[in-house]
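This briefing is for a reader meeting the structure for the first time. Please look over the sequence and the model before going on to the notes.

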Amino acid sequence: GLIYLLSSADNFISSDNVFLNLIEAIKYNILNNDYPRIDIWKNSINFIFEKPILGWGASSFPILYSIKNGALFSHAHNFYFDLAISYGLIVSLCIFIFTVKLLLNSFKLIYINKSANSNTHKAWWLSSFIFFVSQTYDVFYFDIRINLAFWIFLSGLYSIVYEPNLSK
């Protein structure tokens with residue numbers, strides 16, 4: 001599995017097909033249910049569809065998962081799933097759409113139109129994108145330092161995109 005592959009780093013890194021080896025290891029773990037996040041995400045989606053509008057209430061995932069599966073996980077390992085479970089799809093979709101729209105608009109401005117084409121702007125965008133992707137895989141958002149950094153990066157992108165409109 002993935003742990004074996006990563007523990008034998010010499011074989012993994014020296015191989016000509018590092019990317020293919022990683023994909024194969026991930027596929028092996030998913031197909032053999034050695035990857036707990038897949039089960040957590042499946043359960044999360046079921047919980048969301050049971051109460052899609054208002055959700056189950058704050059911090060309800062650990063209780064719901066424990067009742068259903070007898071195991072304890074403190075969160076859904078996806079920020080947007082966690083929001084939807086706790087507060088409903090409307091809240092989760094609003095924050096998700098705002099973030100994606102901001103990332104797309106800023107990407108277009110910085111990389112395609114090149115009207116804000118400085119290395120600083122590229123660094124703001126890349127940092128925001130990395131935070132966004134990390135929240136879909138695990139929820140680091142509950143750490144206040146990461147939470148603040150994420151919103152500071154997003155506010156930096158917001159000012160890059162909408163700065164010309166603010167001066168009017």
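In which helix is Val133 found? Val133 is found in helix H8, which covers residues 119-137. The model is a predicted one, and its chain has 168 residues, of which 33% count as buried. The points below go from the overall fold to a surface patch, a pocket and some individual residues.

**Overall fold**

- The secondary structure comes to nine helices and zero strands.
- Along the sequence, the chain reads α-α-α-α-α-α-α-α-α.

**Nonpolar surface patch**

- A nonpolar patch on the surface is formed by Leu126, Phe129, Ile130 and Val133.
- Together, these four residues have about 330 Å² of accessible area.
- Val133, one of the patch residues, has a relative accessible area of 36% and is therefore partly exposed, since that class lies between the 20% limit for buried and the 50% limit for exposed.
- Leu103 is placed in helix H7 and counts as buried because its relative accessibility is 6%.

**Largest pocket**

- The volume of the largest pocket is about 170 Å³.
- Its lining consists of 14 residues.
- Nearest the centre of the pocket lie Ser59, Asp82, Ser86, Tyr87 and Phe142.
- By class, the lining has eight nonpolar residues, five polar residues and one charged residue.
- Helix H5 (61-69) and helix H6 (79-87) each supply at least two residues of the lining.
- H6 gives the largest share of the lining, with five residues.

**Ser59, a loop residue at the pocket**

- Ser59 is among the lining residues nearest the pocket centre.
- Ser59 sits in the loop between helix H4 (36-50) and H5.
- The phi angle of Ser59 is near 55°, which is a positive value in a residue other than glycine.
- With a relative accessible area of 57%, Ser59 is exposed, because the cut-off for that class is over 50%.

**Residues apart in sequence, with their distances in space**

- Ala84 belongs to helix H6, the helix with the largest share of the pocket lining.
- Buried or exposed, which is Ala84? Ala84 is buried, because its relative accessible area is 1%.
- Ala84 and Pro52 are 32 residues apart in sequence, and their C-alpha atoms are 7.2 Å apart in space.
- Ile90 is found in helix H7, which covers residues 89-112.
- Ile90 is exposed, with a relative accessible area of 52%.
- The C-alpha atoms of Ile90 and Gly55 are separated by 9.4 Å, and the two residues are 35 apart along the chain.
- Ile160 has its place in helix H9, residues 144-166.
- Ile160 counts as buried because its relative accessibility is 10%, and the limit for buried is under 20%.
- Between Ile160 and Ser106 the C-alpha to C-alpha distance is 7.2 Å, with the two residues 54 apart in sequence.

Note on methods
Residues are numbered from 1 along each chain as its sequence is written. This is a predicted model: local features need pLDDT of at least 70, side-chain atom pairs count only at pLDDT 80 or more; totals for chains, interfaces and linings use all residues. Side-chain values use heavy atoms; hydrogens and water are left out. Patches are made of residues with over 30% relative accessible area and no salt bridge: like charges are joined within 9 Å, nonpolar side chains (Val, Leu, Ile, Met, Phe, Trp, Tyr) within 5 Å. Accessible areas come from the Shrake-Rupley method with a 1.4 Å probe; for residues, only the protein chains shown count as cover. A salt bridge is a side-chain nitrogen of Lys or Arg within 4 Å of a carboxyl oxygen of Asp or Glu. Helices (H or I, at least four residues) and strands (E, at least two) are DSSP runs, numbered from the N terminus. Buried means under 20% relative accessible area, exposed over 50%, partly exposed in between (1.4 Å probe, protein chains only). On a 1 Å grid over the protein atoms alone, a cavity is a set of points where a 1.4 Å probe fits but cannot get out, and a pocket is an open set with protein on both sides within 12 Å along at least five of seven lines; lining residues have an atom within 4 Å of a point. Grid points are joined across faces, edges and corners, and a volume is the space filled by probe spheres set on the points. Ala, Val, Leu, Ile, Met, Phe, Trp, Tyr, Cys and Pro count as nonpolar, Asp, Glu, Lys and Arg as charged, and the others, Gly among them, as polar.
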